[in-house]
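Dear colleague,

I am handing over the structure that I have been reading, and it is shown just below. Please keep it open while you go through the notes that follow.

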Amino acid sequence: MLKRIMLLCVTICLLSACTEDANQLRCNIGIMDITPEDSVVLAGFAARKGLSNSVHRPLKTHCLVIRNNTDTICIITNDMMELSPDFSDKLHKAISEQSGLTSDRIFIHCTHTHSAPRVGGSSADPGGSNYRTAQMIFDNIVANAVQTIKAQKFTPFTIEIGKGSCAMNCNRREENGPIDHDVYIARFLDGKGKIIVSLVNYACHPVSLNHKSLAVSTDFPGITTEELSKQWGGEVFYFSGASGNVDPCGELKADTAYTWEKGMMLAEECMKVKFNKLKKNSTLRISNKEVQLPFRIETVTADAINAHVDEILK
């Protein structure tokens, strides 16, 4: 039995341009707060009890818009655990209608922090604890994207890329199970070589704050991006890689000191990365690819599901 997973790759082919090139690539970024003001149901842990009672790190929506004279793409990454397909479809529709950018040029990502509010389910229905927060998050993601897309000033940029490694992540199910320690970074530079924005990609569930924590938080990615922004300058946007069964190593805790430790560990490894400038080019291209991944068992049955549940409970 095959499970089809659509992998959407936004390929920005050689994301840099000569200042002399009229069709050069240009970018603009926008950031807006989406931290709940109310006590809310947090996403990600079925065992968590109670509403949020504090804010460890504020949540934000980040937007990067890249364009040349012929095309524009909008990439959004949110400090959220998840957005339902319906919620995401509504975001695409609203951003497209208000900005004029077609929906197929809008890409939405979540960092997957388990310390962000639910925006779906009964808690987000009218009268629920998360209803007002869900509406605020929707409105702010749309407003930030539209403002970033429609801005008059876009900055020409060059790009440098680097790849590092960080072993703060472990497979949570299997001692020698699949694990990816690679860290991928792209940095956009203006004409003076100053960093506009850095993009960091790493595969690890942001769950260093466990189910006992009732704090709203970006989890460790927020620590990493804050530190890198201090060290490098410019903003830092975080993208979660294919995390699968990958968690921070060690026992998860309701302890922000543990979160700080993990975030700083990743930041320190990022700061060791050596960067290479890409060849100047003004091409902007979007590429889609479908990958089929097989289940570990031939047929999904009630017995197989129960056996998996028993394995998790242990």
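**A charged pair, a disulfide and a pocket**

Asp247, at 9% relative accessibility, counts as buried, where buried means under 20% relative accessible area, exposed means over 50%, and partly exposed lies in between (1.4 Å probe, protein chains only). Before going further, please note that this is a predicted model, in which local features need pLDDT of at least 70 and side-chain atom pairs count only at pLDDT 80 or more, while totals for chains, interfaces and linings use all residues. Residues are numbered from 1 along each chain as its sequence is written, and side-chain values use heavy atoms, with hydrogens and water left out.

Which residue does Asp247 meet in a salt bridge? The partner is Arg172, with 3.7 Å from N to O; a salt bridge here is a side-chain nitrogen of Lys or Arg within 4 Å of a carboxyl oxygen of Asp or Glu. Because Arg172 lies in the loop between β9 and β10 and Asp247 in strand β14, the pair ties together parts that are 75 residues apart in sequence. Helices (H or I, at least four residues) and strands (E, at least two) are DSSP runs, numbered from the N terminus.

The whole structure holds 11 salt bridges. In one of them Arg187 pairs with Glu160, their closest N and O atoms being 2.6 Å apart. This pair links distant parts of the chain, with Arg187 in strand β10 (residues 182-189) and Glu160 in strand β8 (residues 158-165), 27 residues apart, and both Arg187 and Glu160 are buried. Another salt bridge brings together the side chains of Arg105 and Asp71 at 3.0 Å, N to O. Arg105 sits in the loop between α1 (85-99) and β6 (106-110) and Asp71 in the loop between β4 (60-67) and β5 (72-78), so this pair ties together parts that are 34 residues apart in sequence.

How many disulfides does a search of the whole structure find? There is 1, a disulfide being a pair of cysteine sulfur atoms within 2.5 Å. It joins Cys170 to Cys249, with 1.9 Å from S to S. Cys170 is in strand β9 (residues 169-171) and Cys249 in the loop between β14 (246-248) and α4 (256-270), so that link too connects distant parts of the chain, 79 residues apart. Cys170 is partly exposed at 31% relative accessible area, whereas Cys249 is buried at 15%. Cys204 is in no disulfide, and the nearest cysteine sulfur, that of Cys249, is 7.5 Å away. Cys204 counts as buried, at 0% relative accessibility.

The second largest pocket has a volume of about 360 Å³. Here a pocket is an open set of points on a 1 Å grid over the protein atoms alone, where a 1.4 Å probe fits, with protein on both sides within 12 Å along at least five of seven lines, and lining residues have an atom within 4 Å of a point. Grid points are joined across faces, edges and corners, and the volume is the space filled by probe spheres set on the points. Of the 14 residues in the lining, the closest to the centre are Phe45, Arg172, Val207, Asp247 and Leu252. Strands β9 and β14 each supply at least two lining residues.
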